[in-house]
Amino acid sequence: MTWELFAVFIGSSIRLATPLLLAGIGELVSERAGVLNMSLEGMMLTGAFAGAVGAWATGNPLIGLVIAVVAVAPVAAVQAFLSVTLRANQIVTGIGINILMLGATTLAYREIFGSRSR
Amino acid sequence: MTVEATLPAAPRARQRWSLLVPVAAVAAAALVGICLIAFTGVSITAAVAAFADGTFGTPYAIAASINRSVVFALVGIGFVLANRANLTNVGGEGQIAVGGIAATAVALYSGVANLPLGLPIIIPMLAATAAGAFWGAIAGILKVKAGTNEVISTLLLSFIAIWMVYWSVQSEALLRRPMTNSATLPESLEIPESTQLPLLTDDYSFPLHIGLPIAIVIAIFVAIVLNRTTFGLKLRAVGLNPVAALRAGIPYGRTVIAALAIAGALGGLAGALMIQGEQYLLKDGFSSGYGFDGLVAGLLARGSVAGVIAASLLFGFLRSGGINMEMVAGVPTALVMVIQGLIVITLAGASFWLDRRAAR
């Protein structure tokens, strides 16, 4: 393995670790508060979808980023309401929200981009 | 004056509520689904007709749905059993995967194809059950020896198992079929006909295989074990209070490992049913999320084997209807996932309220 290849390898590892790090930090906060948040995957999906659609719609990636952050708030609010107020089983609600957001983002993608999808 | 006249009405009302709420949750989710269908611009009658056709329209559809429900039910029953001991087994997908690997390997390469008396069918299933039990026991041993949370260990083990399936069909030294040309797909050879599951009726337009009676027998057996044997009592004791169970002489470590191993074994058996009953060969991603659907069926059942069967039937038919809706009416199958997710969170949210009513 040449040094250049090694450098590319390390660089892309750090790049790919960034989303995991951000999500992990969020999970750390909720675990510190004692809430098991299994719906992290659903929230990441929502953020990715909202960010992509926001950036595509407004043409500005930074606005897309802001829209991504704002769009996950309702999902997190649902998870919080179910876990804390209704005291439901946190693993069940987490997995349920994962399934829900996977379906919802796929459906929304097909609706918005269906006629243009490559 | 009889005893019945003095009993409070609460027990009967409690039973009515705990049946009513799941039905109401499914109905509400279906309503949201219909609104979403209208939102996508597809005509509702066409979509509902396609859905009904996919679920009940032809005998083939009914048989396929029931075969699917059997897989979900086995994983869900395993989950319920482990849940009795307060262990959450989310690794159903991985247990199906190792079961599939074991069943394919034994069916293809261990020479069982020529044995008499139905052994070619039984031995791969036993191998798959053993593989699944081993996979579940790993998580159990980690929990007992190192205190690892079994949610994490079973989940991560399932990722390992899924990629093991991918690895095993990439290399001809493992399970990949010999590459005759560059277009040979990375999958195993087809398993010999003597190892494929026989159908209940010899009619290929109604391909219901023997997985259904197997699952029914296992469901009855597990229900009896959970409610009427000392092992079931030990599971419940360990689940409610491990320290008190230890003081009472119940071996905590062995019970935990046994519970996760049995849950894994049922998952492995489900994998064998998928390979020997429908797919007949091993390829990457063959478990296609069935483990997670079975897990959700187990979660919704809230501890009862009958609930697992009901939820598995619901999800099996829901999936079939969704596939047909996409083919005929153009509604994306993602809609079915949305409905499933809504059902899960509504039932999870309602369960606390239900448990509070039951406790009163």
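**Salt bridges, aromatic pairs and helix packing**

Arg319(B) and Asp293(B) are joined in a salt bridge, with their closest N and O atoms 3.0 Å apart. Arg319(B) belongs to helix H13 of chain B and Asp293(B) to helix H12 (residues 290–301) of chain B, so the pair ties together parts that are 26 residues apart in sequence. The structure described here is a predicted model. In this model Arg319(B) is partly exposed, with a relative accessible area of 24%, whereas Asp293(B) has a relative accessibility of 7% and counts as buried.

Over all chains, the structure holds three salt bridges. Another of them is formed by Glu326(B) and Arg110(A), for which the closest N and O atoms are 3.4 Å apart. Glu326(B) is located in helix H13 (residues 305–329) of chain B and Arg110(A) in helix H4 (residues 90–113) of chain A, so this pair joins two chains. Both partners are partly exposed: the relative accessible area is 28% for Glu326(B) and 37% for Arg110(A).

A further salt bridge is found between the side chains of Glu150(B) and Lys143(B), with an N to O distance of 2.9 Å. Glu150(B) is part of helix H7 of chain B. Its relative accessibility is 4%, and Glu150(B) therefore counts as buried, the limit for this class being under 20%. When neighbours within four places in sequence are left aside, Glu150(B) is in contact with Asn86(B), Leu87(B), Thr88(B), Lys143(B), Leu155(B) and Leu260(B).

Glu150(B) and Lys143(B) also take part in the packing of two helices, among the residues by which H7(B) and H6(B) make contact. The axes of helix H6 (residues 119–146) of chain B and of H7(B) come within 9 Å and cross at roughly 145°. This crossing of H6(B) and H7(B) is right-handed. On the side of H6(B), the contact is made by Trp135(B), Ile138(B), Ala139(B), Leu142(B) and Lys143(B). On the side of H7(B), the residues involved are Glu150(B), Ser153(B), Thr154(B), Leu157(B), Ser158(B), Ile160(B), Ala161(B) and Met164(B). By class, the residues of the contact of H6(B) with H7(B) comprise eight nonpolar, three polar and two charged.

H6(B) also packs with helix H11 (residues 252–279) of chain B, at an angle of about 145° and with the axes 6 Å apart. The crossing of H6(B) and H11(B) is right-handed. In the contact of H6(B) with H11(B) there are 19 nonpolar, eight polar and one charged residues. Pro251(B) is located in the loop between helix H10 (242–247) and H11 of chain B. This residue, Pro251(B), has a relative accessibility of 27% and counts as partly exposed. The C-alpha atom of Pro251(B) is separated by 8.7 Å from that of Lys234(B), which is 17 residues away along the chain.

Aromatic pairs were also examined. A search of the whole structure finds seven such pairs over all chains. In one of them, the rings of Trp3(A) and Phe6(A) have their centres 5.9 Å apart and their planes at 80°, so the pair is edge-to-face; planes over 60 degrees apart count as such. Both Trp3(A) and Phe6(A) are in helix H1 (residues 3–32) of chain A, where they are three residues apart, about one turn of the helix. Trp3(A) is exposed, with a relative accessible area of 73%, whereas Phe6(A) is partly exposed at 35%.

In chain B, the ring centres of Trp163(B) and Tyr166(B) are 5.4 Å apart and the planes stand at 80°, so this pair is edge-to-face. Trp163(B) and Tyr166(B) both lie in helix H7 (residues 150–168) of chain B, three residues apart, or about one turn of the helix. The relative accessible area of Trp163(B) is 57%, and the residue is exposed. Tyr166(B) is partly exposed, with a relative accessible area of 34%. In chain A, ring pairs link Trp56(A), Tyr109(A) and Phe113(A) into a cluster.

Methods: Residues are numbered from 1 along each chain as its sequence is written. Chains are lettered from A and ligands numbered from 1 in the order in which they are written. This is a predicted model: local features need pLDDT of at least 70, side-chain atom pairs count only at pLDDT 80 or more; totals for chains, interfaces and linings use all residues. Side-chain values use heavy atoms; hydrogens and water are left out. Rings of Phe, Tyr and Trp (its six-membered ring) pair if their centres lie within 6.5 Å; planes under 30 degrees apart count as stacked, over 60 as edge-to-face and the rest as tilted. Helices (H or I, at least four residues) and strands (E, at least two) are DSSP runs, numbered from the N terminus. Buried means under 20% relative accessible area, exposed over 50%, partly exposed in between (1.4 Å probe, protein chains only). A salt bridge is a side-chain nitrogen of Lys or Arg within 4 Å of a carboxyl oxygen of Asp or Glu. Axes are lines fitted to C-alpha atoms, for helices over the stretch in contact, and angles run from 0 to 180 degrees between N-to-C directions. A crossing is left-handed if the near helix is turned anticlockwise from the far one by less than a right angle, and right-handed if clockwise. Contact means heavy atoms within 4.5 Å. Ala, Val, Leu, Ile, Met, Phe, Trp, Tyr, Cys and Pro count as nonpolar, Asp, Glu, Lys and Arg as charged, and the others, Gly among them, as polar.
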